[in-house]
Amino acid sequence: MPGLEMTLLISKQRMVTKLSYAKVRLLGTGTSTGVPVIDCSCPTCTSTNPKDNRLRCAAYLEVDGTHILIDVGPDFRQQALRYAIPDIDAVLITHHHFDHVSGMDDLRPYLFKNRTSIPCHAVKGSADEVRSMFSYIFRDGTYPGVPRLRMHDVTGPFEVQSRSKEEAPVRVIPIPAVHGSLDVLGYRVGNFAYMTDVSEIPFASRSLLEGLEVLVLDGLRDKPHPMHLTIDQSIQLATEIGAKQTWFTHIAHDLTHSEIELRMPEGMAPAYDGLECTVSL
């Protein structure tokens, strides 16, 4: 994505926002199957530690009254009920794989009281795939009760506006990355960045991750995978990026939470469903 990378590098000097804080909650931290995996009796899938129960990956940010969802997978309805998510003002899509976008229709209740459409943002390739997957929403729109969603191709930094329009816009910096052979996006809001489902973060993108308080980063397992970082690769990358705190996500069932936790350097840890943090902006 050379054009997007150039736009982002030019915009790097304007990353600081005047907003005061972001409250972050990780709604899910598991791989595409979720954990426990169906019909699996491994130590992780039979663990009694609640941190070994992982829904599919998603994150929720509340930034001075504006509500931002990162990815909307098959567990979104359960996540929204579990964590009492009051509203969604925008959806930031990392990529179009099933475990990250298949909950689109579950956004409907957020339009019952406020009919203002919800913008969805994705890199063009994934945006086109989601338009096709949910053509009754994005291309037809005539089905009664269809969610009022608008898809936007991400070409550089953008702003999210509360649908109530009572709060200041929130500046979002997309971070180009690679998921195997697929172009994907991470997202930075203030001093927080979210980078799930990555096998590589290009050098040009790493400068956009400087000065982070909190980084959420892919860390699938120990065995190499063509689409994801291993835990050791994630530790090395997190060390290079240098965030004050790094949480690893999209974790498979190969290792228990406790086993991963024991190997973590200072300032790094495996994430878990429901994890909350507050990040200054």
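## Confidence in the model

pLDDT is the predictor's confidence in each residue, on a scale from 0 to 100. What you're looking at is a predicted model, where local features need pLDDT of at least 70, side-chain atom pairs count only at pLDDT 80 or more, and totals for chains, interfaces and linings use all residues. Residues are numbered from 1 along each chain as its sequence is written, and side-chain values use heavy atoms, with hydrogens and water left out.

The chain has a mean pLDDT of 93, and 93% of its residues get to 70 or more. Over residues 13–19, though, pLDDT stays under 50. For that stretch the model has 13 contacts (heavy atoms within 4.5 Å) beyond four places in sequence.

## The sheet

Start with the strands, which are DSSP runs of E with at least two residues, while helices are runs of H or I with at least four; both are numbered from the N terminus. Seven strands make an open sheet, in the order β6-β5-β4-β3-β2-β1-β14, with mixed pairing. Two strands count as paired if DSSP finds at least two bridges between them. At the edges sit β6 and β14 (276–280), each pairing on one side only. On average, neighbouring strands are turned by 25 degrees against each other, ignoring direction.

Here's a parallel pair: β4 (residues 90–92) and β5 are joined by two bridges, and L92 has H121 of β5 as its bridge partner. For an antiparallel pair, look at β1 (residues 21–28) and β14, with five bridges between them; there, Y21 is partnered with S280.

Buried means under 20% relative accessible area, exposed means over 50%, and partly exposed is in between (1.4 Å probe, protein chains only).

Helix α4 covers residues 124–133, and its buried residues are S126, A127, V130 and R131. Seen down the axis of α4, they fall within an arc of 140 degrees, so they line one face of the helix. The arc is taken from the directions from the helix axis to the C-beta atoms. Among the elements covering these residues are α3 (98–101), β5 (118–122), α5 (135–140), β6 (149–153) and β9 (182–189).

## Out at L262

L262 is found in helix α8 (residues 257–262). With a relative accessible area of 77%, L262 is exposed.

Key: Axes are lines fitted to C-alpha atoms, for helices over the stretch in contact, and angles run from 0 to 180 degrees between N-to-C directions.
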